Amino acid sequence: MSPCSSLFTGAVPGLKITYFPVRGRCSAMRMLLADQGQTWEEEVVAIDQWFSGDMKKSCVFGQLPKVQDGDLVLFQSNAILRYLGSKFGCHGTDIKVNAEIDMINDGVEDLRIKYLTLIYKNYETGKADFIKSLPDELKWFEGLLKNNNKGESAGFIHGEKICYADYNLVDLLLNLQTLEPTCLKELPLLQAYYQRVTSRPALSKYLKSDAHTKLPINGNGKQ
Ligand code: GTS
């Protein structure tokens, strides 16, 4: 039994996440599942096992994460997030809303790639400039909240219902604040949004659990 299935109740028989022992690209999907009261199984792949075995060859695109739900096997973290969003009602009510949510999620992915490039490729030389660029990078999300009822009554990044892009954004904001604790200082709506979403009872419980806190954010120990 995974640490997650012992902590959280509710049943999604057969839902399994296969990934390295990090939060990485699985944190947002784990947050979504925990917040939606679901359980899942974790298959943890040690990095030496990955490079010495045949698993890589069996993965579409040769990478993890992989999510299995019954007979469905998915790769690509954002496709997985969208699938979980559709399955658990964290998506739009029509194709136009879904397209807007996808657009926001793609914006999160763009910033995540910049963050991951820093972490894995030029942490020492690029950290100061990356931190300097954050207000400019994050202002777009502040703008989305502003346009969403001035960020006041609206709880979420799109409309008034949580969607899969919220979990992706909140996960990235958590990582960015770990990198630079003051990065939301000049972005009051984003700061309030982060607090609001991470205070949701089930999500807050998950974020305090060993299943989350004991996992490193990234595979190389940088954060
Ligand atoms: N676009 C993919 C996604 O979103 O799932 C990227 C997946 C990816 O980069 N996976 C890395 C991997 O499998 C691990 S991590 O970057 O998510 O931590 N690396 C091992 C390898 O052999 O490429």
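**Charged pairs and the domain interface**

Modeller: Asp210 is partly exposed, with a relative accessible area of 48%, where buried means under 20%, exposed over 50% and partly exposed in between, for a 1.4 Å probe and protein chains only. Its partner in a salt bridge is Lys214, the closest N and O atoms being 4.0 Å apart, and Lys214 is exposed at 64% relative accessible area. A salt bridge here is a side-chain nitrogen of Lys or Arg within 4 Å of a carboxyl oxygen of Asp or Glu.

Before going further, please keep in mind that this is a predicted model, in which local features need pLDDT of at least 70 and side-chain atom pairs count only at pLDDT 80 or more, whereas totals for chains, interfaces and linings use all residues. Residues are numbered from 1 along each chain as its sequence is written, and side-chain values use heavy atoms, with hydrogens and water left out.

The part I would look at closely is the boundary between the domains. The assignment gives domain 1 as 3-89 + 204-213 and domain 2 as 95-200, these bounds coming from an automatic or database domain assignment. The C-alpha centres of domain 1 and domain 2 lie 22 Å apart. Across the boundary, 17 residues of domain 1 are in contact with 17 residues of domain 2, contact meaning heavy atoms within 4.5 Å. About 1,400 Å² is buried between domain 1 and domain 2, and carbon and sulfur atoms give 51% of that area; buried area is the accessible area (1.4 Å probe) that two parts lose on being put together, summed over both.

In the structure there are 13 salt bridges. One of them links distant parts of the chain, with Arg200 in the loop between helix 9 (188-198) and helix 10 and Asp35 in helix 2, 165 residues apart; helices (H or I, at least four residues) and strands (E, at least two) are DSSP runs, numbered from the N terminus. In this pair the side chains of Arg200 and Asp35 come to 2.7 Å, N to O.

The rule finds three salt bridges across the interface of domain 1 and domain 2. It also finds 10 residue pairs in polar contact there, both residues at pLDDT 80 or more. A polar contact is a pair of N or O atoms within 3.5 Å; within protein, one must be able to donate a hydrogen and the other to accept it, and residues adjacent in sequence count only if both atoms are side-chain atoms. On the side of domain 1 that touches domain 2, helix 2 (27-35), helix 5 (77-87) and helix 10 (201-208) each supply at least two residues. Helix 2 gives the largest share of that side, five residues. By type, the residues of this side of domain 1 divide into five nonpolar, eight polar and four charged, where Ala, Val, Leu, Ile, Met, Phe, Trp, Tyr, Cys and Pro count as nonpolar, Asp, Glu, Lys and Arg as charged, and the others, Gly among them, as polar.

Leaving aside residues up to four places away in sequence, Asn105 touches Asn78, Leu81, Arg82, Tyr164, Ala165 and Asn168. Thr117, also in helix 6, is partly exposed at 35% relative accessibility. From Leu81, Thr117 is 36 residues away in sequence and 21 Å away in space, C-alpha to C-alpha.

Asp129 and Lys132 both lie in helix 7 (residues 123-146), three residues apart, about one turn of the helix, and both are exposed.
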